[in-house]
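Dear colleague,

I am passing the structure below on to you, and my notes on what was found in it follow. Please read them with the structure open beside you.

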Amino acid sequence: MRIATSLACLTMALALPARAAGLPPDAAVNPAAPNKTLEPNVVANSGRLEWVPFKRDLTDWPTLSHEDKRSTAKPRKVKLSQPLNGDPARGREIAQRSDKGYCIVCHQMPGEDWPGTVGLNLSNFKQRKYADEAVFQLLFDARVINAQTVMPPYGTNNILTEQEIRDLVAYLQSIE
Ligand code: HEC
């Protein structure tokens, strides 16, 4: 068993291109198309994954992959000009949509039965009485407040527009 494992490792090591040395052979890196991720497809009962090329070009989306050498935008401090002019209903939609904020993937919020638990429960956010300015900065770029934050810098990385972040602030401040 151990010999078979060593042989398999050796075969993998020889088959890998030099730049990918140290990565598992099925790592999500495609040297021919570095800006396209690969989608894993489980091959039933084989213990193997097949990597299917994604159609999306992720050039504008820096990742945490060691293969991604693009620089990351610096944390950006912003000032919220009042009035807030946010639409809570629109904010709620942005929080739930996977192509927008997708906040529910980490936070518990009203209307989502299967939230993620990485972030805090936000289902009575209004009671915390945070200032709009602070929440706006947190969503625009939380790294300004906490360098080790898990939250994506929605504003700095142009994931959401300033108006969408205003809608989210209005929504959060309305959750009782
Ligand atoms: C990848 C997980 C993740 C995503 C996605 C995420 N958050 Fe967070 N959020 C966290 C974590 C973890 C914290 C706690 C501190 C930190 O890491 O910054 C946090 C903190 C917060 C806080 C501060 C709460 C408090 O009482 O201090 C707010 C408000 C918040 N998030 C709102 C949002 C909103 C709105 C979205 C969507 C636009 C969102 N988050 C998306 C993980 C996430």
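Which pattern does the protein follow when read along the sequence? The protein follows the pattern α-β-β-α-α-α, and its secondary structure comes to 4 helices and 2 strands, where helices (H or I, at least four residues) and strands (E, at least two) are DSSP runs numbered from the N terminus. Please keep in mind that this is a predicted model, in which local features need pLDDT of at least 70 and side-chain atom pairs count only at pLDDT 80 or more, whereas totals for chains, interfaces and linings use all residues. Residues are numbered from 1 along each chain as its sequence is written.

On the protein as a whole, buried residues make up 20% of the 176 residues, a residue being buried if 20 or more other C-beta atoms, placed from the backbone, lie within 10 Å of its own. Among the contacts with a separation of 6 or more, 44% are accounted for by residues 24 or more positions apart; two residues are in contact if their C-beta atoms, placed from the backbone, lie within 7 Å.

Leaving out residues up to four places away in sequence, Leu139 touches Tyr154, Gly155, Ile165, Leu168 and Val169.

Turning to the ligand, 24 residues surround it, the closest being Gly101, Cys103, Cys106, Gly119 and Thr149; a residue counts as near a molecule if its C-beta atom, placed from the backbone, lies within 6 Å of it. H3 and H4 each supply at least two residues of this shell, and the largest share, 3 residues, comes from H3.

Finally, Pro153 is found in the loop between helix H3 (132-140) and helix H4 (162-172). Why is Pro153 classed as buried? Pro153 is buried because 20 other C-beta atoms lie within 10 Å. Its contacts, leaving aside neighbours within four places in sequence, are with Asp141, Ala142 and Arg143, while Ala73, 80 residues apart from Pro153 in sequence, is 9.3 Å apart from Pro153 in space, C-alpha to C-alpha.

With best regards

Methods. Buried ≥ 20, exposed ≤ 12 C-beta atoms within 10 Å, placed from the backbone.
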